[in-house]
Every structure is written in structure tokens, then in C-alpha cells.
Amino acid sequence: MTVVLLGHGRLGSAIAEGWRLTGTVSDLTILTRAVPPVCPSDTRALLIAVKPAAWREAVAPLLTTLPVDAVVISVMAGVREADLSATLPGRAIARVMPTTAVAQGQGVAAIWSEAPAARALAHTLFDAVADTVDLDEEALIDAATAVAGSAPAFFYALAQALAAAGVEAGLTPEAAKRLTRGALRSAGSGAGTDASLDELIARIASPGGTTRAGLDALQDADLEAAGRAAVQAAVARAKALAGDQPA
Ligand SMILES: NC(=O)c1ccc[n+]([C@@H]2O[C@H](COP(=O)([O-])OP(=O)(O)OC[C@H]3O[C@@H](n4cnc5c(N)ncnc54)[C@H](OP(=O)(O)O)[C@@H]3O)[C@@H](O)[C@H]2O)c1
């Protein structure tokens, strides 16, 4: 299968690396600015991985060579199918929202398309490198972006807050930083198992113990409200960037 990857930045290069690792794509053309913007005549899929502000200019020179029966897969946040369709008439569109862990074949990717063939092709390209999650509505891509694409940054921010609290409790900044990063790695390896989040918590938090006391304090500080605020703000920002509501 011939696939064209437009954009080789953080996410584009991670996708290419995951495909190489898993042997998913046999014939990959990577279009950077240094490469003539031409699609091979047998292109089955064009994957757009440039920044949302750059995509129209980047796609324009490809219109003459991209076959009309090629599927367009966009991993861009906040670029709607209607806009992609208007610029790339006739091509079936799928939107995919992956994380950069696709590079190690361990990403997660939300998939949405109205066209069954485009959805199927998106699965062909991402099933080997990610846990793929089908969405029923395009609007849900924004929520998926918040709880998957953005969420690692939310976890890092919580880790920073914990490290700062560790320093207040007497640890040196260096010790707090290393201990918190190690804790984040432990949490990540737990998330890589089949255990539910409740089970993972229960394995660490015994009744009446120190972890349980900390979890209760997090609830008292309204951790759920903090999570809701982060997701709602990220969703609202995505809608504003797509022009659905004022920025
Ligand atoms: N990073 C993530 O974790 C993540 C997760 C989910 C979705 N996304 C989406 O993925 C897209 C890319 O994000 P990113 O973080 O990978 O950005 P990035 O690192 O800036 O990569 C974008 C790449 O596109 C290239 N590019 C721009 N115009 C081009 C053109 N005309 N022809 C060829 N290449 C061109 C850029 O090259 P120059 O540097 O030369 O401009 C850059 O290498 C965004 O739309 C974002 O919403 C990213």
C-alpha cells in the first residue's frame, strides 16, 4: 500500500517510526518542505500531519497528483471534515487523533469517519501502533483529544505539583524530581496492563494506609472538578480554533 505522509514533525515522525517498527506500510513517501510536493499515482492514503495553520498551503500543491479515490487521513486537532472535504473534493476523509507513543507501537488513537472505507483504512494504518477507539460523532474528537492527546501534559502537571509538595515536605528539588518521575513511570507501566484503573489504585492504596489518606485529600480538594475543568477548557479551545465559537 502506498501512503503519503505530509509533515514529519513530532507526530508525523512518530507515526512513520511506528509504521517502520511494525511493518505497517510497505511504500511510504514522506513529504517535507525539502521534497517536491508530488503524490505517487498509486497513492491509497494521504496522512496530513502539519500544524492546523499550515495545512491549506501544504495541501494545495498536491491536489493535481493526489488520486481522487485516495483516502485523506487528518491527525490535525481542530480541523473539521467539512473544511478538509471542501479543499480536497471527492476524497473520503477520516480524522484520527493519536498520541506520539505510536512511535513505540504503544499509542492510543481515536478514529472518526463518515465513510466506512476511510474508517477501515484508518484502522489498517493505526491498529498496529495504537489502541484504536472508534468515535460515533466528529464532535467527540475534541473530547478524545483532551483525554488522550492533551492528558499526558495534565499528568505531568500533577507530577510537578506533587514534586513541589515533596520539596515543601523536606525533599531536595533533585530528589523530589527523580522520585516523581519514577512514580510517573510506575503509573505508566500499570496503565500498560489489562487491570482497570480501580484495580490499579486498589493495589497501592490499602484501607487506612498512607496512599488512601492522600487519595481522600485529593477528593476533598475536588480532583474531579479539576479534571472536568481541564477537559472542558481543552474542548472549548478546540471548538474556538475550528471557528465553532468565539476564541
Ligand atoms: N504532537 C502531538 O502530540 C500531536 C497529537 C495529536 C495531534 N497532533 C496534530 O498533529 C499535527 C502536527 O503536530 P506536530 O506536533 O507534529 O507539529 P510539528 O512538530 O510542528 O510538525 C509539523 C511539521 O509539518 C511540517 N510542514 C509544515 N508545512 C509543510 C509543508 N508545506 N510541506 C511539508 N511539511 C510541512 C513542518 O515543517 P517546518 O518545521 O519546516 O515548518 C513540521 O515538520 C498538528 O496538526 C497537531 O494538531 C499532534
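Mentor: Let me begin with a term: helices (H or I, at least four residues) and strands (E, at least two) are DSSP runs, and they are numbered from the N terminus. Please keep in mind that this is a predicted model, in which local features need pLDDT of at least 70 and side-chain atom pairs count only at pLDDT 80 or more, while totals for chains, interfaces and linings use all residues. Residues are numbered from 1 along each chain as its sequence is written, and side-chain values use heavy atoms, with hydrogens and water left out.

Trainee: Ok, how many helices and strands are in the protein?

Mentor: The protein has 10 helices and 7 strands, and its C-alpha atoms fill a box of roughly 65 × 40 × 35 Å along the principal axes.

Trainee: And which domains does the assignment give?

Mentor: The assignment gives domain 1 (2-138) and domain 2 (151-239), with bounds that come from an automatic or database domain assignment. Taken over C-alpha atoms, the centres of domain 1 and domain 2 are 33 Å apart.

Trainee: What percentage of the residues is buried?

Mentor: Of the 247 residues in the protein, 38% are buried, where buried means under 20% relative accessible area, exposed means over 50%, and partly exposed is in between (1.4 Å probe, protein chains only). As for contacts (heavy atoms within 4.5 Å), among those with a separation of 6 or more, 60% are between residues 24 or more positions apart.

Trainee: Now helix H1, does its length work out, or rather, what span should it have?

Mentor: Helix H1 covers residues 10-22, and its 13 residues should span 18 Å at 1.5 Å a residue, which agrees with the 19 Å between its end C-alpha atoms; the expected span is 1.5 Å times one less than the number of residues. After H1 comes Gly-23, which has a positive phi near 65°.

Trainee: Which residues of H1 are buried, and what covers them?

Mentor: The buried residues of H1 are Leu-11, Gly-12, Ala-14, Ile-15, Ala-16, Gly-18 and Trp-19, and what covers them includes strand E1 (2-6), strand E2 (27-31), strand E3 (43-48), E5 and helix H4 (116-126).

Trainee: You mentioned E5, so is Ile-93 in it buried or exposed?

Mentor: Ile-93, which lies in strand E5, is buried because its relative accessible area is 2%. Leaving aside neighbours within four places in sequence, Ile-93 is in contact with Val-72, Glu-81, Leu-84, Ser-85, Ser-113 and Ala-118.

Trainee: What about Thr-99, where does that lie?

Mentor: Thr-99 lies in the loop between strand E5 (92-98) and strand E6 (107-112), and it is buried, with a relative accessible area of 13%. Not counting residues up to four places away in sequence, Thr-99 touches Leu-11, Gly-107, Val-108, Ala-148 and Gly-149; Leu-11 is one of the buried residues of H1.

Trainee: Changing topic, what volume does the second largest pocket have?

Mentor: The second largest pocket has a volume of about 400 Å³, and of the 16 residues that line it, the closest to its centre are Leu-6, Thr-32, Arg-33, Val-50 and Ala-58. Here the grid is 1 Å over the protein atoms alone, and a pocket is an open set of points where a 1.4 Å probe fits, with protein on both sides within 12 Å along at least five of seven lines, while lining residues have an atom within 4 Å of a point. The volume is the space filled by probe spheres set on the points, which are joined across faces, edges and corners.

Trainee: How does that lining divide by residue type?

Mentor: The lining has 9 nonpolar, 4 polar and 3 charged residues, where Ala, Val, Leu, Ile, Met, Phe, Trp, Tyr, Cys and Pro count as nonpolar, Asp, Glu, Lys and Arg as charged, and the others, Gly among them, as polar.

Trainee: Over to H9, then, where is Ala-205?

Mentor: Ala-205 is in the loop between helix H8 (197-204) and H9, and at 8% relative accessibility it counts as buried. Beyond its neighbours within four places in sequence, Ala-205 is in contact with Thr-211, Arg-212 and Leu-215.

Trainee: Last one, what phi does Asp-222 have?

Mentor: Asp-222 has a positive phi of about 65° although it is not a glycine, and its place is the loop between helix H9 (210-220) and helix H10 (223-241). Asp-222 counts as partly exposed because its relative accessibility is 42%.
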